[in-house]
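Let's take a walk through a few helices and strands together. Keep the sequence beside you as you read.

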Amino acid sequence: MNQPPKQPPPQPGAIFERARPAPLDQAALAQTLARARLVLVGESHRHPGHHAIQAMVLELVAQGRDPRRVVLGVEWLDQTKQPACDELSAGRIDVDEFAKKVDWERSWGYDLELYRPILQMARDKGLRLAALGAPLEVIRQIGRQGLASLGPSQRAAIAPALDLDDAAYRAQVAAQAPMHGQLSGGGLDDFFAAQVARDETMAHNMAARLTPWPDGDAVGVVMVGVGHMAHGLGLPPRLVRRLPGARMVRVMPVEPDAADEISLLFQADYADVLIVSTPAPPRPPRLGVILEPAPGGGLGVRAVLPGSAAEAAGLRAGDVLESVDGKRLRQAKDIHDAVKADPARKRVFDVRRGERLLRLEIGPRPL
């Protein structure tokens, strides 16, 4: 019996919806989005193709709507940056001025050019840009010392209601924890609490922007890392809890080499809409360390990832990186900048280990 000819793999830009067997065009996707009050669009932060998909979805959502009724909520910035978001939405500042006001390099750190088209669209159309995140220093403290360590003002900076009784999400977060230096025991509990605090705060801040609910006419678009929304876990149920009855559409980019698994992804409730992206860029080289500011200056090594360049060079948790190639270190970006200049070359780090000062050569490798 002759086998049917094998179909060519879906190409970048192909759109699939759970309820329809055939690929959609943008007009059909626009109809799906027009029926939603909440649209979540996932991203891998360094992936240009993912941000291009986000921009396309935002353009479709905004079509035919009063731009003042479109709320663009973003993970990228914490709620203290809202005044600058309001200025950008009102057209009073441009994207570069906005980046300076929010201290983009320190507060988010990913390449601004990846996000510029989205931010420019928000400014040009007058969309209501909303900074959804909790203050990073509060999230970091939860991850290190737990929720009980927060003082009153710190606790007030995150959502008032936190649902930590979420076994499925905890299992998903636990699978990610080793890459963040949280391996077992209480560290995993605190890591999960920090993740939940981020999700609950984003949901809390987004819901506040869509009030009165359900009688208002605003529509929300949320742009967030895939780990906060995959398989309907994390952010989606926390939004629905605050916005009962919300019609939500979850849009997720999918890599071309995984596009033949579309039906399996839908079966696993990965998303409601899948859009094939351009291929992922090569992963940047990494030392393989989790860093935090050190009390006496430099960057403290909170954890060393197994199999990393840092582990091979002998770096240990508790060490303090003081300089790279003679340049004092103040933030993790200083290391990233040094590595980007010549990724193949080993770097000389001055390392403080207790009372000893060491000099280690570390050559970054992809992780």
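Strands (E, at least two residues) and helices (H or I, at least four) are DSSP runs, numbered from the N terminus.

A word on the source: this is a predicted model, in which local features need pLDDT of at least 70 and side-chain atom pairs count only at pLDDT 80 or more, while totals for chains, interfaces and linings use all residues. Residues are numbered from 1 along each chain as its sequence is written, and side-chain values use heavy atoms, leaving out hydrogens and water.

Strand S3 has two partners, listed here; strands pair if DSSP finds at least two bridges between them.

| Partner of S3 | Sense | Bridges | Example pair |
|---|---|---|---|
| S5 (residues 219–225) | parallel | five | Val 71 with Gly 220 |
| S4 (residues 128–133) | parallel | five | Gly 73 with Ala 130 |

Now to the helices. The axes of H3 (residues 82–89) and H4 (residues 95–102), lines fitted to C-alpha atoms over the stretch in contact, come within 9 Å and cross at roughly 170°, on a scale from 0 to 180 degrees between N-to-C directions. The two are therefore roughly antiparallel (angles over 145 degrees). Contact (heavy atoms within 4.5 Å) involves Ala 84, Cys 85, Glu 87 and Leu 88 of H3, together with Val 95, Phe 98, Lys 101 and Val 102 of H4.

Key: Angles under 35 degrees count as roughly parallel, over 145 as roughly antiparallel, 65 to 115 as roughly perpendicular and the rest as oblique.
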